Amino acid sequence: MGWLSEPVERLLEVALVGELTVIGRRGQPVTHPLIPLYDGERIYLHSSTLFSKKLEHIKRNPRVALSLSDPVALKGLTDRATIQGTARVIEDDPHEQWVGLVLDLWRRKEPVIDAFLKARVALPLFFERAVIEITPERCLLWPDGDTSRPPIVTTPPAEVAA
Amino acid sequence: MPRVAASDFAKLDGYPFVVVSWIDDAGYPVSVATDHQTDVSRGVVSLRAAAGDAVAIPTDRTVNVCGSHIHPKPGEGYDERRYLQLWGTATEPVDGRVTFTPASAWGWDEAEVPFFEYSERSVPQSRRYLAELSAEKGRTIRPRLALGWLFLRTTRLPFLSATFVPVLLGIAIAARHGAFDWWLALVTVIGASLAHLGINVSNDIFDTLSGADEANVNPTQFSGGSRVLIYDLVTLRQLVSLAVALLGGASAIGLYLVWATGSSTLLWIGIAGIVLGIAYTAPPIKLVHRGLGEISVALGFGPVMLLGAYVVQAGALSWEAVVASVPVAILVALILYVNEIPDRTGDAAAGKRTLPVRLPPAVVTDIYLIAALASFAVIVAGAVSGLLPPFTLLALAAAPLVLRVYRGIRQYYTSPYALMAFMGVNVTLHLYVGLLLLAGYAVAILLQLLG
């Protein structure tokens, strides 16, 4: 089971976009807006091979942060959070593997994806995808999104971290 | 990284807040949302310092400032996607605000670069990534499509209507003249279809090798080729094998029909069709590079197909078949002509001097209108002169589509994706005129049988 607090899990469950920050080739932060998915323990993002530079960055350095901060993309929720963690790129078969891993979660958040998937022939490379699996290691939460107050910082309990 | 332009500051102003990120002392990225004010004259962005040591914006390392926007459309996905990120350095806070000086910027706005174009421009990244992944895994990892979809995409199967219309019309005209053989009709349709698909595939090979398809970053459902080679969905060897198989099948059927009918005219028509189809893009002739593509398509999918199908049944040429082939030829050439409009930049880069590459937009649109109306004028003249049955005037019912396409071209000449709907209408125009001409012949044949 996951250790993220309930308000953070709620953000993850509704978020249409989060800002994933990875570490670039020269050690600089690079940010990518992506749709985050959550299975109650780990966070999943996915990327077409068309836009795969972020995957290359993660494979070089797996430390990442995910910011959930836009009320429009959070269905009106006003809390904000940043989750730091270690990411793993799952890419054994970019054609099929993501379907088994994240399609159900994606469909739950964006039912329209089935219609797009039926038109896979029109944009075949868009549906060649790798999955980014993030294990959360530290979380910063700003209730009501107020970053003029210090965040509530949480880390996994010892038994989870171990 | 691109330098920061004044327009980047203006764009950043459009976001209600920004996400500021950096790499913390533990080596992890960390982000915090905050408000911002840009000062383009000083080239800086003022950021409200977030509270707490955990998110104190550092002054000794690169800081990333990102604005992101999305407009969710429940049940449809989302639009108005855009983001902009700036990299630079920040100062210690003064009065609770940090001054950020950006040095480089990167972003995407789908209002400026449509998603499909953005995807197309990213194809080299996909190829590079998959090549590296293959090397890493020690096995070839390539994009895939289900076989049926791959065949449809590779051969551009839906365009077969361009073959069905002239072939069925040629058969119908022969039937009106009392010559009809089911078996030969069926074999003709199959042979002509194989030839069409084979030509599509061979054109794709030459367009990819010449760089025309790769230079085109605005492919649509109707233009820009199948892109199966560019996307690495098939290998060049597989594509060549498919072209050889399809054209070989078409040639074998053609020879069978020549043998079955004993018509040397048919042999020459078949040779003309294959030569026109291959020479369309193949070096050294490359008709389409010389501004002759439209004419060669008109000849190939007009008189060649229609007269070929007619000769298979009737054994000789007829003026009626020649006249009936003219509107079909014009309208099929206009399919290509309109589809070349969004391709013109890529075509020009690859030396394909099509008419939309050579001519100014106003002339291109006027030629469309004149040529489309001319196709209807030929039908009227044919019917009035008695060369075509009067019921072929049914085809005039499709004429309003000409104006829809014409207006669409005028309005969206420079917007490939908006133009796509009108490219579809233009394909429909050819199909409807063909079907209505066929209906006219069906009525004429029925009356002949009854009377």
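This section describes the confidence, domain division, chain contact and nonpolar cores of a predicted model.

The predictor assigns the complex an ipTM of 0.95 and a pTM of 0.88. For chain B the average pLDDT is 94, and 100% of the residues score at least 70. Within chain B, strand 1 (residues 18-23) has the highest confidence, at 98, whereas helix 7 (residues 212-215) has the lowest, at a mean of 82. Chain B is divided into three parts: domain 1 spans 6-111, domain 2 spans 113-142 and domain 3 spans 147-450. A distance of 29 Å separates the C-alpha centres of domain 1 and domain 2 of chain B.

The contact between the chains draws 48 residues from chain A and 47 residues from chain B. On the side of chain A that touches chain B, at least two residues each come from strand 1 (18-23), strand 2 (29-34), helix 2 (53-60), strand 5 (63-68) and strand 6 (80-90) of chain A. By class, this side of chain A comprises 25 nonpolar, 13 polar and 10 charged residues.

The largest nonpolar core contains 94 residues. The residues with the most contacts inside this core are Leu169(B), Leu306(B), Tyr310(B), Val332(B), Ala333(B), Leu334(B) and Val338(B). Helix 11 (residues 319-349) of chain B contributes the most to this core, with 15 residues. When residues up to four places away in sequence are not counted, Val332(B) touches Ala162(B), Val297(B), Ala298(B), Phe301(B), Gly302(B) and His430(B). Another core, of 70 residues, lies apart from the largest one, and among its members are Ile58(A), Trp142(A), Val55(B) and Ile141(B).

Methods
Residues numbered from 1 in each chain as written. Chains lettered and ligands numbered in written order. Predicted model: local features only at pLDDT ≥ 70, side-chain atom pairs only at ≥ 80, totals over all residues. Contact = placed C-beta atoms within 7 Å. Helix = DSSP H or I, 4+ residues; strand = E, 2+ residues; numbered from the N terminus. Nonpolar A, V, L, I, M, F, W, Y, C, P; charged D, E, K, R; others polar. Core = buried A, V, L, I, M, F, W, Y, C linked by C-beta atoms within 7 Å. Buried ≥ 20, exposed ≤ 12 C-beta atoms within 10 Å, placed from the backbone. Domains from an automatic or database assignment. pLDDT = per-residue confidence, 0-100.
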